[in-house]
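Hi there,

I'm passing a structure on to you, as promised. Have a look at it first, and then read on.

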Amino acid sequence: MISLTPGSTDLATLRNIYRTGVPVRLDPLARAGVDAAAAMVAKAAAGEAAVYGINTGFGKLASTKIAAKDTATLQRNLILSHCCGVGQPLSEARTRLMMVLKLLSLGRGASGVRWQVIELIEAMLERGVIPVVPEQGSVGASGDLAPLAHMTAAMIGAGEAMFQGCRMAADKALAEAGLTPVVLGPKEGLGLINGTQFSTANALAGLFDAWRMAEASMVIAALSTDAIMGSTAPLVPEIHALRGHAGQIDVARGMRKLMKGSEIRESHREGDTRVQDPYCIRCQPQVVGAALDVLRMAARTLEIEANAVTDNPLVLVERGEIVSGGNFHAEYVGFAADQIALAVAEIGAIAQRRVALMVDPTLSHDLPPFLTPDPGLYSGFMIAEVTTAALMSENKHLANPCVTDSTPTSANQEDHVSMAAHGALRLRRMTDNLSVILGVELLCAAQGIEARAPLVTSERLQAVIAHLRAHVPTLAEDRYLAPDIEAAAAMVRDGDIARVAGMEVAA
């Protein structure tokens, strides 16, 4: 069980929750602030003055006053009417992360919900009642309304939820888990659906996956460098110190460590007629280092957003006011998602060029064409390289910015939106594509290094090849390659490559 402190939960904790599904609780010290805000909302609901979201309609209907006796119905109707999501369900891991982010937001004591609502989310996470949340339907302002409405619907016993691996009606899932649906009080429905938690959860998942890809790319690039008998001179520390960028320095340092002791490298220090390697070998620190620094910038934004209060209106206890604002606008998340997308696309672009390099005998320094022992009879990695080109191109298209694509909604009341949900969701497809590009590069690089026998690469890189060969044998005769590619891509996605090589870079 992890205890979360609203306002100061770090990305390492959120990554652990995303990867493992460990149960969470809010720090009990948060309760006083939550209770104080809930008391202010209860007082406003009983009063005569119109307060948006408490005793009024929503959006364009904000000027419509709602009678006190109807406020509970108002909140339930809000949830049901906003359950307009479509498409495939969000994964359980991402839905859990979204729920955790909602806990952090509510726990700041500015949303006006009762502690009972927080306890239900905690209990659902602990007992494995995970709402079925369709992926499509949010424009990233006024919050992620549709997806969060599906989450909240499960809390009131409507909609669907997953429980013990089965999809079922939410009221049945709650009952089987020994939980009771909540009856929403004033503002609680709005507090639950108004916010950026869907976009932020997907952006964080994209960030966590992209970081794994970046670490793996350093290991696999080192393998590729040895496979084509490339130079390590471009990795000397003085070059990167003169540039000064942290990511570039980190990548060069990591690759130096990975390649230390390689017999292949030592064999061609003298007498090699090549003056310089192609950019995809020589500029790995400059390209992936830049991507690392972009991911770090996005990480800082998303850590702040993960701890933010992003619903509306906000209950400002110290001022004694309930004030409408615009924290639900997910522009920050949209920008961060676009940054991550650019980094993912560029890591894949330079990796794909190394694949192309290794299968081309005019560029690979005497490796066999398409890395096959009998070119002509066998095609080797010929079409695997084409697959990487297809995925690289797809990622380039997907990397186009989403945050600039606003459109007015809700009768022009919500006339500028962030499209953060689109930007964040597309990261999953992009990182999946990148894992395949890197997986194919891994297969090619291992094949190339084995072709240099009896010379061997460094101990760290030998360990990576041994791990690969425990699952994927060397390609001799042509065979059905799709399972090999998937196995290598899975090693990248699961973090095995960086782990086996001891390649971890501080975020």
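Predicted model: local features only at pLDDT ≥ 70, side-chain atom pairs only at ≥ 80, totals over all residues.

Residues are numbered from 1 along each chain as its sequence is written, and side-chain values use heavy atoms, with hydrogens and water left out.

**Domains and core**

The chain is assigned domain 1 (2-194) and domain 2 (203-501); such bounds come from an automatic or database domain assignment. Their C-alpha centres are 36 Å apart. Domain 1 brings 45 residues to the contact and domain 2 brings 43 residues, where contact means heavy atoms within 4.5 Å.

The largest nonpolar core has 154 residues, and Leu 14 and Leu 204 have the most contacts inside it. A nonpolar core here is a set of buried Ala, Val, Leu, Ile, Met, Phe, Trp, Tyr and Cys residues joined through side-chain atoms within 4.5 Å. Buried means under 20% relative accessible area, exposed over 50%, and partly exposed in between (1.4 Å probe, protein chains only). Helix H9 (residues 197-227) gives the most to this core, 19 residues. Both domain 1 and domain 2 supply at least three residues to this core. Helices (H or I, at least four residues) and strands (E, at least two) are DSSP runs, numbered from the N terminus.

Beyond its neighbours within four places in sequence, Leu 204 touches Leu 11, Leu 14, Leu 97, Leu 101, Leu 302 and Ala 306. Another core, of eight residues, lies apart from the largest one and includes Met 40, Val 41, Ala 45 and Ile 54.

**Two helix pairs**

Helix H1 (residues 11-20) and helix H4 (residues 92-106) have axes that come within 8 Å and cross at roughly 140°. Axes are lines fitted to C-alpha atoms, for helices over the stretch in contact, and angles run from 0 to 180 degrees between N-to-C directions. Leu 14, Ile 17 and Tyr 18 of H1 meet residues of H4, among them Leu 97 and Leu 101.

Helix H17 (residues 420-450) and helix H18 (residues 459-469) pack at about 115°, their axes 11 Å apart. H17 and H18 are therefore roughly perpendicular to each other (the range for this is 65 to 115 degrees). On the H17 side the contact includes Leu 442 and Ala 446, and on the H18 side Val 464 and Leu 468. Pro 454 sits in the loop between H17 and H18, and the peptide bond joining Ala 453 and Pro 454 is cis, with omega about 15°.

**Single residues to look up**

Met 124 belongs to helix H5 (residues 115-127) and counts as buried because its relative accessibility is 0%. Met 124 and Phe 163 are 39 residues apart in sequence but 9.6 Å apart in space, C-alpha to C-alpha.

The loop between helix H16 (382-398) and H17 holds Ser 418, which is buried at 0% relative accessible area. Asn 412 is found in the loop between H16 and H17; Asn 412 is exposed, at 54% relative accessibility, and has a positive phi of about 70° although it is not a glycine.

A cis peptide bond also runs from Asn 312 to Pro 313, with omega near -5°. Most residues other than glycine have a negative phi, and most peptide bonds are trans.

Happy browsing!

Technical notes. Parallel < 35°, antiparallel > 145°, perpendicular 65-115°, else oblique.
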